[in-house]
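Hello,

Here is the structure I promised to pass on. Please open it, then read my notes below.

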Amino acid sequence: MDLGNLYQDVILEHNRNPRNWGELDATSRRADGRNPMCGDEVTVWLKVEGDRLADVSFVGTGCAISKASASMMTQAVKGKTRAEAEKVFAHFHAMVTGQHDDPSSDATLGKLKVFSGVSRFPARVKCASLAWHAMREAL
């Protein structure tokens, strides 16, 4: 199977069946993100216990890249410390903005590598990073 097709399948699967979808309770931290260029909107909730992101969820509307990225972001940072979540954000952001030297060998990114091609489409960078910026704001 072509790697590009595999990546596309993963993104479409997360778009159709987003993980960690829904609101967390009122004691959670929350941040909203909006991309005025395309209309994507996301709200991210974090339940922080001590220094750890005990739970992460989101709701939103937008393109497949935006929704899939939010879904995979929740999986990538749930259970991590604040510093670990910031590290994943930094690696992801570097990858989607084309600033990462070699995302294919970056263990921090794991399955998030499916978004490596986004850097070739500047209009899609905001779609892929929208939920990530909201997560950082909620921290």
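How many salt bridges does the structure hold? It holds seven; a salt bridge is a side-chain nitrogen of Lys or Arg within 4 Å of a carboxyl oxygen of Asp or Glu.

First, the ground rules. This is a predicted model, in which local features need pLDDT of at least 70, side-chain atom pairs count only at pLDDT 80 or more, and totals for chains, interfaces and linings use all residues. Residues are numbered from 1 along each chain as its sequence is written, and side-chain values use heavy atoms, with hydrogens and water left out.

**Salt bridges**

One of the seven joins Asp25 to Lys47, with the closest N and O atoms 2.8 Å apart. Asp25 sits in the loop between α1 (3-16) and β1, and Lys47 in strand β2, so the pair ties together parts 22 residues apart in sequence. Helices (H or I, at least four residues) and strands (E, at least two) are DSSP runs, numbered from the N terminus. Another salt bridge links Arg34 and Glu41 (3.0 Å, N to O). Arg34 counts as exposed at 52% relative accessibility, while Glu41 is partly exposed at 37%. Here buried means under 20% relative accessible area, exposed over 50%, and partly exposed in between (1.4 Å probe, protein chains only).

**The hairpin**

β1 (residues 29-35) and β2 run antiparallel, joined by seven bridges. Two strands pair if DSSP finds at least two bridges between them. Asn35 stands opposite Asp40 in β2. Four residues lie between the strands of this hairpin, where Gly39 has a positive phi near 90°.

**The core**

The largest nonpolar core has 37 residues. Such a core is a set of buried Ala, Val, Leu, Ile, Met, Phe, Trp, Tyr and Cys residues joined through side-chain atoms within 4.5 Å. Val44, Phe92, Phe115, Trp132 and Met135 have the most contacts inside it. α4 gives the most to this core: nine residues.

**Helices α3 and α4**

α4 has 17 residues, and its end C-alpha atoms are 25 Å apart, which agrees with the 24 Å it should span at 1.5 Å a residue. The expected span is 1.5 Å times one less than the number of residues. Buried residues of α4 pack against β1, β2, α2 and α3. Those of α3 pack against β3, α2 and α4. Contact means heavy atoms within 4.5 Å. Gly98 follows α3 and has a positive phi, near 80°.

Best wishes
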